[in-house]
Amino acid sequence: PPGFVESSCRSRIFWMKLNKLLLQGKFFQLEIYDPYSGPVLLDENLASRCGYVLSEDVWGNPVFRASVLGCHVANEADELFSLTVNIKVSSFASMRAAVTYTYPMYCSYTSWASREIVCEENYMEVSVKTDVPAVSNDYTVAWMSALPETQNVAYQQWQLMFVSPSGRKRITVSDAVKLGYSFNNTLSRVYLRAPYHSNESDVSVVSGVNMNMVTSTSMYRQRWLLLLIDTTVSCPIDGISFTDTTLTWTVPRVIPTLVVQESTFLSKSIVMGVDDQVIVNPEQMNYSLEHNETHIRITIPIGAEGGKLESSISGGVYGIIYSIGLCLEHTWTDAGWQTTKYTVIKSITTPFMPQIPTVINNTVPEERLFNVAFGHFLPDVSLVAIAIGNVPFTLREAQHHGFRIYETPFSNGTKGFILEVSFDDPYVLKEYVNRNETKYTLLVNYTLSVGPEMTLYYHSAEVECVVADIEIPEAVGDCDEENLYLTLPTFGLHQYWDLYLGNKLLNRHLALTNGYLAATNSTHLILQIPLFAGAVIYEEVSFQKIKARFDVALRKVRTMETLQMFSVSCTFNSSAFIICHPDGTIMISAQMKTVPAIDMSKTKLRDSSCKPREYNEAHAFFKFHVTTCGTSVRFEGDHIIYENEISYDKETLPGQSTPTITRDPDYRLTVLCYYQAKETLVLGAFSSDPATSSPFGSGTMVPRSNTAVYRRVRQALNVVSRVSKDESFMEFYEPSMAILKQPVEPVFLEVELKDESPNVELYLENCWVARSPDFNSTPRWNITVDG
């Protein structure tokens with residue numbers, strides 16, 4: 001087919017290249033056409049022995065090279081050469097039903113040097129001019145036709161002498177062929193072709209480069225003639241080095257085994273080539289060809305023109321490989337040899353070079369659109385799928401969903417992939433952070449097809465963008481005669497923030513429990529807090545005046561961090577109230593409601609020494625602690641109830657008998673403070689300031705009638721009490737032992753009357769705990785009252 005085969009003659013080598021595109025999905029073989037025996041299948045053994053190479057160029061096109069001195073090359077006077085190749089193509093690996101294309105190649109080469117050495121990829125070849133004068137210059141047709149037979153006769157009489165570290169070895173030409181060598185002569189030349197690393201070869205280091213060397217002498221002997229020809233050959237087998245940006249190929253400038261007298265060595269020309277093309281001006285292609293007294297050095301930038309960069313995957317890591325086919329031709333003269341042309345053909349491939357892709361966040365927050373660049377990749381990489389937030393999309397599905405994906409080229413020949421995703425896309429993660437910012441997180445997993453093998457490669461990336469797009473709500477406070485009000489926007493509530501009273505979440509249960517009223521509309525929450533509801537802070541309490549405050553904390557839902565405190569503070573005029581502080585302080589404004597009126601200054605608590613702190617004709621203001629003023633305590637369910645009583649002692653007229661005449665009405669006001677038992681601290685251990693702490697006690701005032709206007713005189717009786725360790729009353733604490741009890745833990749108390757008087761009975765009315773045995777010591781903590 002047109003364009004299937006390209007061929008050329010570079011110096012003394014046939015080059016043939018097949019178009020890989022026309023071989024896709026096909027299998028092919030090469031046959032070398034022998035004019036005497038017909039086609040011969042090309043394999044590795046035949047190639048290295050006969051001067052053939054079958055490989056690929058850096059682009060993957062099959063390449064066939066052959067020496068003009070190859071086994072099956074037709075030679076006309078060492079000037080014109082021809083070789084015919086059969087190209088067999090089949091759709092089957094067994095090569096059945098193959099189509100055969102016969103392709104002849106021709107090469108003209110007349111500028112032979114006295115010695116020519118070729119270092120190919122799979123063989124080393126040296127050819128030497130014999131300098132035996134011809135019998136006649138009249139090359140008649142008959143003479144030429146007899147020449148092959150004459151050469152055949154001569155061939156049988158040649159011998160080879162190899163010198164290696166193991167010693168000398170002399171063998172016939174036919175035995176050399178069995179060892180993989182090829183030796184023959186033409187009209188004017190003798191040549192030896194040797195495989196690398198044969199038993200007769202040796203490796204030596206020349207100027208830091210390992211050289212594979214075969215030291216040999218070709219001998220031809222007749223009775224009157226002994227012809228000795230030096231057929232030593234030496235080729236570099238390494239000399240390649242790499243950096244992240246360049247590859248360097250180093251070849252020795254002077255090879256001692258090929259130069260008899262180094263003092264007479266003269267370098268004539270050094271030429272480099274890429275594939276079958278000579279590079280006249282390497283600098284124009286950014287190549288570097290340098291040489292000094294010891295080395296010839298070619299430096300190629302990774303990715304330079306003439307070579308091929310290819311993507312690859314190794315161990316799940318993306319990277320690149322660079323390949324280039326180089327050729328070096330060095331011509332020199334010396335005293336031992338008139339002219340030597342030394343040609344080295346080398347295919348160089350770098351090791352796998354990891355290239356971790358970069359993810360660049362080009363997002364402009366004001367646009368609320370992620371813009372993410374992913375690169376850099378060679379042209380042989382394509383994006384096949386993505387996953388956003390672990391949800392997979394084909395490219396078509398992604399475009400349909402609203403993601404925007406496109407390629408972007410870069411100036412160095414690479415490319416990247418741009419992904420655009422809206423902040424508001426449901427697959428973008430959103431997290432409220434700091435005070436008023438949202439962190440948008442794009443989790444993306446790229447799936448790419450890499451290289452000619454289309455290996456799948458996966459790369460995950462996480463891109464974040466923090467935007468100040470949340471407005472912290474501002475609250476408005478207000479009061480009426482009996483309530484405090486707080487109004488604030490509902491946007492973001494319970495999504496970003498919660499409202500807290502102290503450490504309690506403001507929810508429906510808390511509102512109902514504490515008597516709050518919460519109402520919402522489409523935009524705002526209105527919270528109504530009664531003056532004497534729980535969590536109201538009383539900043540100042542005095543006679544007929546209360547300065548109250550209500551605090552609501554705006555906290556982050558997840559971290560409980562307080563962002564804002566909303567406070568409503570108002571002053572109220574109240575004629576009657578009771579306030580129970582968490583530290584046990586009780587404040588009461590008692591109102592006079594008797595007819596006729598009484599003197600409120602003479603009211604008192606159970607302990608008659610506890611008088612009003614402020615008063616007027618209609619009110620009395622008391623402030624005391626639950627451990628003082630005769631306050632009693634009892635437990636009901638999960639509550640602790642502290643009780644005291646405000647009373648007024650009637651003034652009686654003096655007389656000789658029991659007083660019976662008074663002008664004052666009864667006045668008894670029972671005061672109750674309720675505390676949650678599980679939230680009540682041990683009294684006396686409070687550290688909170690009543691002015692700043694939220695009260696959690698609630699109080700009531702209950703007026704009662706009482707006809708008893710005087711107390712009985714106490715009489716000391718022989719009473720003994722003990723505390724039992726449990727309800728069995730079998731084991732008791734020692735009298736001097738300290739007993740530690742929690743506020744809600746029961747105390748098992750036994751009281752015994754030792755007095756044997758028949759007129760005395762034991763009734764347990766009031767029982768309390770004091771700090772000393774003194775009967776009248778304060779403070780005291782009541783255990784039972786009116787038992």
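Which residue does Cys-9 form a disulfide with, and how far apart are their sulfur atoms? The legends below begin with this pair and then turn to other views.

This is a predicted model, in which local features need pLDDT of at least 70 and side-chain atom pairs count only at pLDDT 80 or more, while totals for chains, interfaces and linings use all residues. Residues are numbered from 1 along each chain as its sequence is written, and side-chain values use heavy atoms, with hydrogens and water left out.

**View 1. The disulfide of Cys-9 and Cys-107.** Cys-9 forms a disulfide with Cys-107, and their sulfur atoms are 1.4 Å apart; the term disulfide stands here for a pair of cysteine sulfur atoms within 2.5 Å. Because Cys-9 lies in strand β1 (residues 5-10) and Cys-107 in strand β9 (residues 99-108), the link ties together parts that are 98 residues apart in sequence. Strands (E, at least two residues) and helices (H or I, at least four) are DSSP runs, numbered from the N terminus. Cys-9 counts as partly exposed, at 31% relative accessibility, whereas Cys-107 is buried, with a relative accessible area of 3%. Here buried means under 20% relative accessible area, exposed means over 50%, and partly exposed lies in between (1.4 Å probe, protein chains only).

**View 2. The disulfide of Cys-580 and Cys-673.** In this view a disulfide joins Cys-580 to Cys-673, with an S to S distance of 1.9 Å. The torsion about their S-S bond is about -80 degrees, so this disulfide is left-handed. Cys-580 lies in strand β48 (residues 577-580) and Cys-673 in strand β55 (residues 668-676), so that the pair ties together parts lying 93 residues apart in sequence. Both Cys-580 and Cys-673 are buried.

**View 3. The disulfide of Cys-610 and Cys-629.** The sulfur atoms of Cys-610 and Cys-629 are 2.0 Å apart, and the link is left-handed, with -90 degrees about the S-S bond. Cys-610 lies in the loop between β50 (603-604) and β51 (614-615), and Cys-629 in the loop between β52 (619-625) and β53 (632-636), so the pair ties together parts that are 19 residues apart in sequence. Both Cys-610 and Cys-629 are buried. A search of the whole structure finds 6 disulfides, and when the bonded cysteines of the protein are numbered in sequence order, the pairing reads 1-4, 2-3, 5-6, 7-8, 9-12, 10-11.

**View 4. An open sheet of 4 strands.** The strands stand in the order β39-β40-β44-β43, and their pairing is antiparallel; two strands are taken to pair if DSSP finds at least two bridges between them. Because β39 (476-479) and β43 (517-520) stand at the edges, each with a single partner strand, one side of each is left without a neighbour in the sheet. From one strand to the next, the twist averages 15 degrees, an angle between N-to-C directions that runs from 0 to 180 degrees, with axes as lines fitted to C-alpha atoms, for helices over the stretch in contact. β39 pairs with strand β40 (residues 483-489) in the antiparallel sense over 4 bridges, and Asp-478 stands opposite Tyr-485 in β40.

**View 5. Ser-589 in strand β49.** Ser-589 is found in strand β49 (residues 585-591) and is buried, with a relative accessible area of 0%. Ser-589 and Tyr-615 are 26 residues apart in sequence and, from C-alpha to C-alpha, 8.9 Å apart in space.
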